[in-house]
Amino acid sequence: MSKISAAITAVGAYVPDYVLTNQILETMVDTNDEWITTRTGIKERRILKEEGKGTSFLAIQAAQNLIDKKGIDPKTIELVIVATATPDLKAASTAAYTASQIGATNAFSFDMDAACSSFLYGMSVAASYIESGRYKNVLLIGADKMSSLINYKDRATCIIFGDGAGAVLFEPNEEHLGLIDEYLRSDGTGREFLQATYGGSLYPITHEAIDQGGQYAFQEGRTVFKNAVFNMADATVKVLERNNLTKDQIDWLVPHQANKRIIDATAQRIELEEEKVMVNIHKYGNTTSATLPLLLNDYETQLKKGDNLIFAAFGGGFSWGAIYLKWAYN
């Protein structure tokens, strides 16, 4: 009997209608299109502006897009994972609400948060449930409403982040396709450099904290950049070496879309041609947990069964890693 692997069999996505361009940001903070483009590669990002809509709205839309494209009955989904750094509420599960709203009434569900590595880690978890043999349909959604954490007077962060969601369906495969290997790591000493301080149990929200903007995300750009460049590239190299893969055998690098310079550095470390690197940061900015599935959705028509994909991400925590996956459908 063939060993069961976990393959991605469908993708879906959603981004809000409102487009926040660099030109609009020029009217909000002291910045300009050339400065943003040169340092990040971002031209525009999508923002969920409607009142009363949070991360679950993005997740539901992406999941519904997948369900419609794949033509599946949501009642056959057995597990829904929402990878997110911006859950709707502190205690209630965003994944549980999402599952109920899409009609996945036979599924259990939970949220996962590893900042920008959330979806990458979620791939490992979803695949493990499939490989166990106990589950056959796992829906993994990466969704973040980063605009809810951003101070639009802080030019260091407001130029980077956007809102969006992407979804993938994992199913069993006996053709040696799907998730092949992973290298995942974390270092908790880095948490001070990229975070939103207030709102957790260590620093609960107070009137004083809000007055000081403590609820907003901030990052020490130089430290984060240096660690992201080294660790994303290092994890990618380790996965290639462990699987005896040469750059010529890689069909696609699927890198977290945090900064075009980080993406380029990762590709250069493995000497990969530019045309093999998935990039959409210019359209969406950094959507945190949604970057990897949004890439898959944008490039889906170019993917072929058997393609070798290398996923790489780096996020707050610090958290990072790489995954080797063989694509399962045309």
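## A walk through the predicted model

The protein exposes about 14,300 Å², and carbon and sulfur atoms supply 48% of that area; accessible areas here come from the Shrake-Rupley method with a 1.4 Å probe, and for residues only the protein chains shown count as cover. This is a predicted model, in which local features need pLDDT of at least 70 and side-chain atom pairs count only at pLDDT 80 or more, while totals for chains, interfaces and linings use all residues. Residues are numbered from 1 along each chain as its sequence is written, and side-chain values use heavy atoms, leaving out hydrogens and water.

Let us begin with the overall build. The protein has 11 helices and 13 strands; these are DSSP runs numbered from the N terminus, with helices being H or I of at least four residues and strands E of at least two. Its radius of gyration is 19 Å, close to the 20 Å that the globule rule gives for 330 residues, so the protein is as compact as a globular protein of that length. The radius is taken over C-alpha atoms, and the rule is 2.2 Å times the number of residues to the power 0.38.

Ala95 takes us to helix α4 (residues 94–101), whose buried residues are Thr94, Ala95, Thr98 and Ala99. Seen down the axis of α4, these buried residues fall within an arc of 130 degrees, so they line one face of the helix; the arc is that of the directions from the helix axis to the C-beta atoms. They pack against α3 (55–70), β4 (79–83), β5 (108–112) and β6 (138–145), where contact means heavy atoms within 4.5 Å. After α4 comes Gly103, whose phi is positive, near 85 degrees.

Our last stop is Thr21, found in strand β2 (residues 18–21). Thr21 is buried, with a relative accessible area of 18%. Leaving aside neighbours within four places in sequence, Thr21 is in contact with Lys43, Glu44 and Arg45.

Notes. Buried < 20%, exposed > 50% of the residue type's maximum accessible area, 1.4 Å probe, protein only.
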